[in-house]
Amino acid sequence: MDINTEINEIIFKYHIDQYYPHYRNMYEARRILRNVVQDIVDNGQQAVFVADDETEIELIKCMSKDYSGICFLSYDRSDTKLNQLEDIRRQDCGHVYLLSYYGAEHAERWFRMHHIKYEWVYDLFERREIFLQRPFYALGKEDLYTLLVPNFEHVSRDGWTESFQCELYCQRSKYESVDNLRTKQIALEKCLFLTLYMRNFIEAEKYVILLIKESGDAERFQSLWDEIQGLLDDIKVKIRGRNQKDIILYWLDAIPFGDENVMPYLQGILEKAMVFENAFTYVANTRPTLRAMFMGKKDIDDEAYKTPEITYDNSPVIQFLEKEGYGIRAFTGYFTDVFPRKYLSDYFYVDQYETISMKMWDMLSDMLREERKML
């Protein structure tokens with residue numbers, strides 16, 4: 001059961017994405033690319049993916065996991081001679097795929113001049129009648145894939161941009177403040193799409209109720225919600241039917257002391273859980289704490305900072321879990337460089353601050369496709 005596919009089919013069926021037309025194309029483009037990558041892996045082929053943007057490269061790395069036959073080449077399009085592309089001429093890289101959207105013509109000209117066969121992925125999309133007027137990997141104005149560089153400076157291609165939470169707030173505010181009835185309905189429909197995109201069904205229901213009441217298209221939105229409820233019910237049955245003893249580790253970072261008392265969802269979990277009230281972390285930083293948990297080593301005392309990646313070989317926890325038959329999966333936009341890619345989810349979060357509802361939905365989706373027990 002692929003619940004991501006099923007929720008998108010419902011969104012498309014009722015045209016909830018009509019005010020965000022790029023979404024459907026983006027979804028199809030990613031599916032096409034995932035198939036391309038899977039074919040390369042399944043057939044043991046060699047390929048290089050070329051891009052001038054870290055986001056594009058990281059997305060393909062997510063799809064290819066740790067497959068050694070795929071390599072990546074990043075270039076700077078402001079370099080008029082494109083010297084970094086010379087690496088392709090010096091070694092046999094197999095199939096060459098160009099991922100860049102902006103400035104791709106410059107790289108394509110270089111490939112033609114040097115008689116190198118290549119495939120621009122947007123040509124590949126268009127042959128399948130997927131036409132894009134912006135990059136395939138980003139839907140809105142989200143803060144595109146970010147990296148923490150050694151001096152801890154936040155870097156992003158376009159700097160800080162709007163999140164989907166911000167877009168949702170703006171559309172809700174527009175609905176509440178404008179007088180034009182059509183503009184109000186459009187704002188409501190945008191709110192509904194955004195909440196469904198974020199997989200926040202509790203919030204989505206609020207907009208469905210308003211649209212049934214105010215839109216004049218009550219049957220459409222009632223049918224939409226009936227199908228969503230049906231899907232959620234199916235998920236409930238299937239999750240409860242799992243006999244595997246799955247483990248879910250929620251990593252809640254940087255919650256100020258005392259704030260857990262005003263988080264009803266968390267309180268609901270604590271009521272049914274074993275709680276260690278005097279437990280504490282030995283250091284206030286995220287990654288050192290993660291290394292201590294999984295490696296049993298401290299950054300200073302044991303120089304664990306010299307081993308930034310947590311692997312099977314250096315983690316007693318991972319060794320124990322795998323011997324017990326567990327699969328391991330991390331749903332994160334932050335720990336992408338901490339675990340080997342085989343432990344990362346299939347879902348690449350373009351915005352590292354993607355909503356927790358989306359990550360938890362993807363976790364359910366992953367569990368429903370796995371037969372083994374999972375952490």
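User: Is I32 buried or exposed, and what is its relative accessible area?
Analyst: This is a predicted model, in which local features need a pLDDT of at least 70, side-chain atom pairs count only at pLDDT 80 or more, and totals for chains, interfaces and linings use all residues. Residues are numbered from 1 along each chain as its sequence is written, and side-chain values use heavy atoms, with hydrogens and water left out. I32 lies in helix α2, where helices (H or I, at least four residues) and strands (E, at least two) are DSSP runs numbered from the N terminus. Since buried means under 20% relative accessible area, exposed over 50% and partly exposed in between (1.4 Å probe, protein chains only), I32 counts as buried, its relative accessible area being 5%.

User: Which residues does I32 contact beyond its neighbours within four places in sequence?
Analyst: A contact is taken here as heavy atoms within 4.5 Å. The C-alpha atoms of I32 and E126 are 11 Å apart in space, although 94 residues separate the two in sequence. With the neighbours within four places left aside, the contacts of I32 are L124, F125, R128 and I130.

User: What radius of gyration does the protein have?
Analyst: The radius of gyration is taken over C-alpha atoms, and the globule rule is 2.2 Å times the number of residues to the power 0.38. The C-alpha trace spans about 65 × 55 × 40 Å along its principal axes, and 43% of the 375 residues are buried. For 375 residues a compact globule would come near 21 Å, and agreeing with this is the value for the protein, 23 Å.

User: How far apart do the centres of the positive and negative side chains lie?
Analyst: Lys and Arg count as positive and Asp and Glu as negative, while His and the chain ends are not counted. Each charge is placed at NZ of Lys, CZ of Arg, CG of Asp or CD of Glu. With 47 positive and 64 negative side chains in the protein, the distance between the centres of the two sets is 2 Å.

User: What is the phi of L82?
Analyst: Most residues other than glycine have a negative phi. L82 sits in the loop between β2 and α4 (86-90) and is buried, with a relative accessible area of 1%. L82 is not a glycine, yet its phi is positive, near 50°.

User: What is the relative accessible area of E129?
Analyst: E129 is placed in the loop between α6 and β5 (147-148), and, although not a glycine, has a positive phi of about 60°. E129 is exposed, with a relative accessible area of 63%.

User: Why is helix α12 described as largely enclosed, and which helix is included in what covers its buried residues?
Analyst: Helix α12 (residues 286-295) is largely enclosed by the rest of the structure because seven of its ten residues are buried. Among these buried residues are P288, L290, R291 and F294. What covers the buried residues of α12 includes α13 (316-323).

User: What distance separates the C-alpha atoms of R89 and F294?
Analyst: R89 belongs to helix α4 and is partly exposed, with a relative accessible area of 48%. Leaving aside neighbours within four places in sequence, R89 is in contact with W110, H114 and I116. R89 and F294 are 205 residues apart along the chain, and their C-alpha atoms are separated by 42 Å.
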